[in-house]
Amino acid sequence: MLVRVRSKEGTHRIEVNLTDDIIILRNKIAAELKIIDPSTITVSDQPNAGATPMDSLSGKTLGELNVKHGDLLYVGFAEAAPTPTANKTSTVVQDAVDDFLDTQTGHIKRDKDAKFCKHASNGMCDYCMPLEPFDPAYLEEHKIKSMSFHAYLRKLGSHEKKQGTNYITLPSLEEPSYKVKTNCSSGHPPWPASICTKCQPSAITLQRQTFRIVDHVEFANGTIIDKFIDYWRNTGLQRFGYMYGRYEPYPEVPLGIKAVVEVIYEPPQEGDSEGVKLDSPIEGEKKADEMAAACGLQRVGMIYTDLTDDGTGKGTVLCKRHIDSYFFSSQECQFAAVMQQKYPNATKYSSTGSFGSKFVTCVISGNEESNIDVSSYQVSNTCVGMVDADIVEPSVEPGIMRVKEPTSERYIPEVFFKYKNEYNLVVQKDAKPSFPVEYLLVNATHGFPVKAAPMFSSSNSFPIENRVGQFAQDAGKLHRHLQSGKLVDLASDYHFLLFVRSMGVLNDNDEMTLLVRLALLHKEEDAQQLEQKPGWQTLMSILKESAGSSSSGGGGGGGGSSGASGGASAIAPWTCRHCTFLNTHGDENCEMCGLPMG
């Protein structure tokens, strides 16, 4: 006999016998619909009615279940289990905050409505039942511009669920790719020799991204920002830095994530009044990353100033970024896209193991009240994909992004964007040759904790790396820093830790680890133990000798000995005259900048 089976894949006809066990029908359905895990198949004789797992009916024949020739059965199933997504739970290492939010329902609790709820206190109705974390009315009421990433996952149904020993199918997140496929199955020569509809990217319709990976940027205390801006206050030069911190839940947004910034590292750079030019900072950034990792931190974003004094002498600045100019330029969008691609967000809900990025960009500029303010942004996944495919380029006009012209080597798909015209109608427009950068931006909020508890809490700040002139780090400043208070307090400074480690005197596996522990835990016994270490005692001897040599050479005379212990020249084997880096190996060239030491 024939039994009709209707599912989301359509209607299929299955040939069975009345005496067949229902498991035979289940297996035939699985084969017909290509269901990987037959144990997830459910059956009902009515649409949208309570479905019964077919496995629970095992041992009963179709005749016993009153299934007749021509009957229509409604089945549901999980598309695949286990899936690559489920398998990735053991291979993809997510941030701890993602693992935590995976365990949360995200439901927004509501109190009983005094006017509309007529049930008892332990009841529930439409007026008081919890809302989903992506509820649009709630987000609009609380002025949340974009839903959180984990709320977006719930909306897609991509939250991991386990049924027995198997994982139910989860829709897999896919990042947009606008590159021509090079392994097309049509058999033609690869691009640029040939192209077809299978390998060419689809048209792009730009729209604001409805979710954001990071919802909020929290600076551990105001001093972090003040010390960063101080360089501009003292020199008039713009400054760039990388933010190090960690990711934590952000309860102000349902299933939200915040980036907590503990320190700003400033790479080698040349600044002027209009912007900065980064040098080749690979080695310095590697050391900064390693030092941050030793403190339990990671790179969470970048920050830079765009400040111009307004000339009033009141400490106020010009407001250059506003609704009639731009908030985030096309050049900044491109740079942010490159950095976000460099730091992908690990997630087990993607077939590739990553989706989007938690890397944020903060801009310090003047607001409409002429005060210094911080703005936080990310760019959309679409923007990252377009930059990666070399489709767009910055425009001379900051608020406009240009679509590149196609060439024999560069394929440019159709690009459109939608907007409301003067009649308040949504219309679609060709994005070529340019379009507003607002379609690529995702805004995040920023702020400071109600009760600050920063990781680094030294009362005496050590100079920040890669600043020049009187602001530069050197052995003399390190010596004065260590003489200004107790080590248990002075050690709690990231820039101090980074400079001490760069000297190469302390052993990484023992003495440097102890110094980091002292900086984070502030225990007097760690300070006492460190002071007895041979590496620390060597460091103190170097600093004392350097300080003594500097004072004896202050008269500028040239008659002193050229040895390591005599006259002003005694500092030469240690401190580079070009970058002020304190060398420890007595080489002819500086360990940091590579220039001759003499």
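Visitor: What counts as a salt bridge here?

Guide: A salt bridge is a side-chain nitrogen of Lys or Arg within 4 Å of a carboxyl oxygen of Asp or Glu. Side chains of opposite charge can pair when their charged atoms come close. In this structure Arg-246 forms such a bridge with Glu-248, and their closest N and O atoms are 2.8 Å apart. The model is a predicted one, in which local features need pLDDT of at least 70 and side-chain atom pairs count only at pLDDT 80 or more, while totals for chains, interfaces and linings use all residues. Residues are numbered from 1 along each chain as its sequence is written, and side-chain values use heavy atoms, with hydrogens and water left out.

Visitor: Which residues are linked with Arg-246 and Glu-248 in a network of salt bridges?

Guide: The network links Glu-218, Arg-246, Glu-248, Lys-258 and Glu-262. Within it, the side chains of Lys-258 and Glu-248 meet at 3.9 Å, N to O. That pair links distant parts of the chain, with Lys-258 in strand 13 (residues 256-265) and Glu-248 in strand 12 (residues 240-250), 10 residues apart; strands here are DSSP runs of E with at least two residues, helices are runs of H or I with at least four, and both are numbered from the N terminus. The search of the whole structure finds 28 salt bridges.

Visitor: Is Lys-258 buried or exposed?

Guide: Relative accessible area is the guide, computed with a 1.4 Å probe on protein chains only: buried means under 20%, exposed over 50%, and partly exposed in between. Lys-258 is buried, with a value of 12%, whereas Arg-246 at 26% counts as partly exposed, as does Glu-248 at 24%. Strand 13 is largely enclosed by the rest of the structure, because 10 of its 10 residues are buried.

Visitor: Which strands are joined to strand 13 by bridges?

Guide: Two strands pair if DSSP finds at least two bridges between them. Strand 11 (residues 216-219) runs parallel to strand 13 and is joined to it by 4 bridges, with Val-217 having Ala-259 as its partner. Strand 12 runs antiparallel to strand 13 and is joined to it by 9 bridges, and here Tyr-244 stands opposite Val-263. Strands 12 and 13 form a hairpin with 5 residues between them, and Leu-255 in the turn has a positive phi of about 60°.

Visitor: How many aromatic pairs does the structure hold?

Guide: Rings of Phe, Tyr and Trp (its six-membered ring) pair if their centres lie within 6.5 Å, and planes under 30 degrees apart count as stacked, over 60 as edge-to-face and the rest as tilted. The structure holds 18 aromatic pairs. One of them is the tilted pair of Phe-149 and Phe-211, at 6.5 Å centre to centre with 45° between the planes. This pair links distant parts of the chain, with Phe-149 in helix 5 (residues 149-156) and Phe-211 in strand 10 (residues 211-212), 62 residues apart. Both Phe-149 and Phe-211 are buried. Tyr-343 and Phe-359 form a stacked pair, at 5.1 Å centre to centre with 10° between the planes.

Visitor: Where do Tyr-343 and Phe-359 lie?

Guide: Tyr-343 lies in the loop between helix 8 (330-342) and strand 17 (344-346), and Phe-359 in the loop between strand 18 and strand 19 (360-366), so the pair ties together parts that are 16 residues apart in sequence. Tyr-343 is partly exposed at 22%, whereas Phe-359 is buried at 1%.
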